[in-house]
Amino acid sequence: MTPDDIAAWIAGYERAWRTPGTAALAELFAPDATYSPAPFAESLDGLKAIAEFWEAERDGPDEVFTLAAEIVAVDGRVGVARLEVRYGAPLIRTYRDLWVVTLDADGRCTAFEEWPFFPDRPRVAP
């Protein structure tokens, strides 16, 4: 796997987020993929659980946002990317994110781990 493979997968993820429904997830994720939306969150297992999560989390495919990604590292089948997502026009909220993505030989994700960071939130619990 190369940085270009991870970049292409991230572009596909953004396209899928902007597309009505969740059918595009089958192109991005293996049927038994795991999806961890935060470091200590319970993992979502399989396409059905990931699809339900997506529908609950997004405002819809017409949600206004920009996504910028930088590939940080690739080791074997695992890639790490730093992202910044800016919602709204005018801007409503911004967050930065680290993604750890494991791709299979077909370029579909088998394990997705997200580390979201929001402005003005403590780095550690009080």
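## Basis

In this predicted model, local features need pLDDT of at least 70 and side-chain atom pairs count only at pLDDT 80 or more, while totals for chains, interfaces and linings use all residues. Residues are numbered from 1 along each chain as its sequence is written, and side-chain values use heavy atoms, leaving out hydrogens and water.

## Helix 1

Helices are DSSP runs of H or I with at least four residues, and strands are E runs of at least two, numbered from the N terminus. Among the residues of helix 1, Ile 6, Trp 9, Ile 10, Gly 12, Tyr 13, Ala 16 and Trp 17 are buried, that is, under 20% relative accessible area with a 1.4 Å probe and protein chains only. On the other side of helix 1, Asp 4 and Arg 15 are exposed, which is defined as over 50%.

## Aromatic pairs

Rings of Phe, Tyr and Trp (its six-membered ring) pair if their centres lie within 6.5 Å, with planes under 30 degrees apart counted as stacked, over 60 as edge-to-face and the rest as tilted; by this rule there are 16 aromatic pairs. The rings of Tyr 35 and Phe 53 are tilted, because their centres are 5.3 Å apart and their planes at 55 degrees. Tyr 35 belongs to strand 1 and Phe 53 to helix 3, 18 residues apart, and both Tyr 35 and Phe 53 are buried. The rings of Trp 99 and Phe 112, with centres 5.0 Å apart and planes at 70 degrees, are therefore edge-to-face.
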